Amino acid sequence: MANKPFTLPLGSTPPNFRLKATDGKYYALNNFANAKVLVIFFTCNHCPYVIGSDEITQQIAEKYKDQGAVFVGINSNSETSYPEDSFDKMVERMNKYQFPWIYLRDDKQEVAKQYGALRTPHFFVFDDKHHLIYTGRGIDSPKDPSKMTVNDLENALEDYFQGKQVRTPLTNPIGCNIKWEGKDKHWMPPEACDLV
């Protein structure tokens, strides 16, 4: 019998969660039941790959908002290891940049484990039936978007809204490791490996 993959496989439905957002409210999956596309992505405050590509993620979120795309960012990094990833710092960052997404704090890191998040940023795109149609990186050069040649996240949304099969449904996320509580900053779960 094959081992269950660490990262949520294509076609999966999203594991539920109930997490606090920077607006002070708690959100669960059913808050996003009407999304035509639900983009759940694991992110943080300090990672240069996140900081480098946030503007592009923001542009994509705004471009597809009117078509019913909903973006939800989740920060699962240990604040013990990285105090700059604390909830208060998340609130500060959202107040400063006014990102067009809900920004949630996964203190216990359980949601990151359920989704099999490997890096920041790591994107999971679900269709209107909440089946996973894309997972992996946003762009191919998140630390330095001036070198970007492929925008996989935008391609996935464009294909979906045009009624096409997603051209590249699976890519490896590019970014910093999720910072797991009590582990070295480069540690990854042993069952986690590259997706493709």
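This is a predicted model: local features need pLDDT of at least 70, side-chain atom pairs count only at pLDDT 80 or more; totals for chains, interfaces and linings use all residues.

Biologist: Why is Gln98 called exposed?

Modeller: Gln98 has a relative accessible area of 56%. The term exposed applies over 50%, so Gln98 is exposed. Gln98 lies in the loop between α2 (87-97) and β5 (102-105), and its phi is positive, about 50°, although Gln98 is not a glycine.

Biologist: Is Gln109 buried or exposed, and what makes it so?

Modeller: The relative accessible area of Gln109 is 5%. Buried means under 20%, therefore Gln109 is buried. Gln109 sits in the loop between β5 and α3 (110-115), and its phi is also positive, near 65°.

Biologist: What makes the peptide bond from Thr120 to Pro121 cis?

Modeller: Its omega is near 0°. Pro121 belongs to the loop between β6 (119-120) and β7 (122-126), and Pro121 is also one of the residues that line the largest cavity.

Biologist: How many cavities of 30 Å³ or more does a search of the whole structure find?

Modeller: The search finds one. The volume of the largest cavity is about 40 Å³. Helix α1 (residues 48-64) gives the largest share of its lining, four residues.

Biologist: How do you know which residues of that lining are nonpolar, polar or charged?

Modeller: Ile, Leu, Phe and Pro count as nonpolar, so Ile56, Ile60, Pro121, Phe123, Ile139 and Leu153 fall in that class. The lining divides into six nonpolar, four polar and no charged residues.

Technical notes
Residues are numbered from 1 along each chain as its sequence is written. Side-chain values use heavy atoms; hydrogens and water are left out. Helices (H or I, at least four residues) and strands (E, at least two) are DSSP runs, numbered from the N terminus. Buried means under 20% relative accessible area, exposed over 50%, partly exposed in between (1.4 Å probe, protein chains only). On a 1 Å grid over the protein atoms alone, a cavity is a set of points where a 1.4 Å probe fits but cannot get out, and a pocket is an open set with protein on both sides within 12 Å along at least five of seven lines; lining residues have an atom within 4 Å of a point. Grid points are joined across faces, edges and corners, and a volume is the space filled by probe spheres set on the points.
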